[in-house]
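Okay, thanks everyone for coming. Let me put the model up, and then I'll walk you through the parts I'd like us to look at.

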Amino acid sequence: MSPSRHGRHGRRGRRGRLLTAAGTVLLLASACGLQSGSPMVDDVVPGSIGKGEPLKGAHLTVTSKEFTEQLILGAMMGIAFQAAGADVLDRTGIQGSIGAREAVKSGDADGMYEYTGTAWITYLGNSEPITDPRKQWEAVRDADLKNGLTWLSPSALNNTYALAMNQSNFKKYGTRTLSDVAALAKKDPGAVTLCVESEFANRADGLPGMEKAYGMDVPAKNITQMDTGIIYTQVKKGSCTYGEVFTTDGRIKSMNLAVMQDDRKFFPNYNAAPEINSKALKEWPAIAEVLDPVTKKLNNTVAQSLNARVDVNGEDPHQVALEWMKAEGLVK
């Protein structure tokens, strides 16, 4: 598993690009190997979760998208189910934005961790995000019930956009919020140079919307478009003052980057929460109690640390998930 794979394809997988033709969706689903998968065979027993093995006799399939954080979250779900007594089929790592969701929706898979903002904007077709994270989750939960999907309680993990800078530029300019960046751009236009992905540069919930929301005017000559992975290295070197980053990316921590606060709450909330096939949940209601303690422990600090073990250190996502769950006492 390439450590760099969290990059461009990761975000495209998470944000998504809608495919309109049903036939295309079916083609995508079959191309992604939804019929394949391998049994999870972790040697785990209940810790703080799974006591009494409430899922004994269940045959459950977990899925995920293909980027690092998703592979880790998918492994966590599968490990939790195993500890609770279920036989688990691993179908994590599906390419594209909708393959994994379609698998859960159709019953080819029973559950995955999905992001509230992705569901609200990409899948449910809304253009305006809801600024309150809890209300955003509630809106998604209510809207998705008709799709045969049940959203369980959300985590504090919020994998959204941000701007970040290296420590040298942070000391030089002292900006802490996006409002500070807008003020700096007005006062010293040459100081604000941006490294961004092409998608972010053109999305309403990306750079154009951010500039509008903050009254920020960055000249086109000050904006360089590049691949995700390169952004982090360029920001670290100081080739651009600010780079577009994702708030749970392990490289923020490993490169000691300073992240600007979105003080006007422009960027959508992308809180991770279990998205479960409603029929599977009806048959095995204990799924909720098994996953809830896992979800409650997830936040951006945990995600950055675990993602870094894969993207920076080159460790295996499944092993990283297993070791974390054991260290937290969730499983033994």
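Before anything else, a word on burial: when I say buried I mean under 20% relative accessible area, with exposed being over 50% and partly exposed in between, using a 1.4 Å probe and protein chains only. Helices (H or I, at least four residues) and strands (E, at least two) are DSSP runs, numbered from the N terminus. And do keep in mind that this is a predicted model: local features need pLDDT of at least 70, side-chain atom pairs count only at pLDDT 80 or more, and totals for chains, interfaces and linings use all residues. Residues are numbered from 1 along each chain as its sequence is written, and side-chain values use heavy atoms, with hydrogens and water left out.

So, confidence. pLDDT is the predictor's own confidence in each residue, from 0 to 100. The chain has a mean of 90, and 89% of its residues reach 70 or more. Residues 1-34 are below 50, though in the model that stretch does have 73 contacts beyond near neighbours in sequence, a contact being heavy atoms within 4.5 Å. Where pLDDT is low, the predicted coordinates should not be read in detail.

The overall picture, then. We have 16 helices and eleven strands, and 57% of the 332 residues count as buried. If you take contacts between residues at least 6 apart in sequence, 81% of them join residues at least 24 apart.

Now go to helix α10, residues 207-214. Which of its residues are buried? Those are Leu 207, Gly 209, Met 210, Glu 211 and Tyr 214. What do they pack against? The partners are β6 (161-165), α8 (178-187), β7 (194-196), α9 (198-202) and β8 (223-225). Just past the end of α10, Gly 215 has a positive phi of about 60 degrees.

Rings of Phe, Tyr and Trp (its six-membered ring) pair if their centres lie within 6.5 Å; planes under 30 degrees apart are stacked, over 60 edge-to-face, and the rest tilted. That gives six aromatic pairs. One of them is Tyr 161 with Phe 246, tilted, at 5.8 Å centre to centre and 45 degrees between the planes. That pair links distant parts of the chain, with Tyr 161 in strand β6 and Phe 246 in strand β9 (residues 242-246), 85 residues apart. Tyr 161 counts as buried because its relative accessibility is 2%, and Phe 246 does too, at 1%. Tyr 161 also pairs with Phe 267: the centres are 5.7 Å apart and the planes at 55 degrees, so this one is tilted. Phe 267 sits in the loop between β10 (258-259) and β11 (272-277), 106 residues from Tyr 161, and is buried at 5%. Put together, Tyr 161, Phe 200, Phe 246, Phe 266 and Phe 267 form one aromatic cluster.

Last stop, the disulfide, meaning cysteine sulfur atoms within 2.5 Å. Searching the whole structure turns up one: Cys 195 with Cys 240, sulfurs 2.0 Å apart. Which hand is it? The S-S torsion is about -115 degrees, so the disulfide is left-handed. Cys 195 is in strand β7 and Cys 240 in the loop between α11 (228-237) and β9, 45 residues apart. Both cysteines are buried.

That's my tour, thanks.
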